[in-house]
Amino acid sequence: MIDSKMLMTVFKGSSAEQLIKFENEFDILILPNDKVKDSEKLIDVIADGAYDCVLSFGQRPNIKNKVHIETTAKKVESAIKTNFDCKTLQSSFESNGISAKISHNAGTSYCNSLYYNVLDFIQQYNLKTKMVFVHIPFLKNINDIDSFFVKIIETISRMNKESI
């Protein structure tokens, strides 16, 4: 089976940025940590529909040694659900030794803003691109950083080979 074309995003200066040290298979976009520019930059990259999947990573302060898979982005009274199979991603993480929780709250700041704006763009322009946002812990909340990040990359790589 042919791998899908995947883009991985991380925020500059976040624990998620450390993921790219372990990644050489997917395209990577480092976002500048600016609520407006983050979304604009990502939308510019995916606008032509070349990517099958966008996997965005951010950090959440109150989790330890696990990931939160976000199903929903919110803006005022509006909410957009991802078109990504979060349950399968959760199972894949867990089968690879990473505790994973399905979350319906992408936060109130940069992560949620990016997620909402890009999901909205994907819907408005009927792109076939799937997107999911995954929160990882701050580095201080990860017991074995190298092993944790390697397992995340292995999980994503395996899912990609199964055409997400």
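In this predicted model, is Y125 buried or exposed? Y125 is exposed, because its relative accessible area of 52% lies over the 50% cut-off. The ring of Y125 forms an aromatic pair with that of F121, the centres being 4.7 Å apart and the planes 35° from each other, which makes the pair tilted.

By the rule applied here, the count comes to 5 aromatic pairs. Another tilted one joins F22 and F149, at 5.9 Å centre to centre and with 50° between the planes. Because F22 belongs to the loop between β1 (6-11) and β2 (27-31), while F149 belongs to helix α4 (residues 145-161), this pair ties together parts that are 127 residues apart in sequence. F22 is partly exposed, at a relative accessible area of 26%, whereas F149 is buried, at 0%. Elsewhere, F11, Y115 and F133 form one aromatic cluster.

From the rings we turn to the pocket. The largest pocket has a volume of about 230 Å³, and of the 16 residues that line this pocket, Q59, S109, Y110, C111 and H135 are the closest to its centre. Two or more lining residues come from each of β3 (53-60) and α3 (110-124), and the largest share, 3 residues, is given by β3.

How values were computed
Residues numbered from 1 in each chain as written. Predicted model: local features only at pLDDT ≥ 70, side-chain atom pairs only at ≥ 80, totals over all residues. Heavy atoms only, no water. 1 Å grid on protein atoms, 1.4 Å probe; cavity = no way out; pocket = protein on both sides within 12 Å on 5 of 7 lines; lining within 4 Å. Points joined across faces, edges and corners; volume = space filled by probe spheres on them. Helix = DSSP H or I, 4+ residues; strand = E, 2+ residues; numbered from the N terminus. Phe/Tyr/Trp six-rings, centres within 6.5 Å; stacked < 30°, edge-to-face > 60°. Buried < 20%, exposed > 50% of the residue type's maximum accessible area, 1.4 Å probe, protein only.
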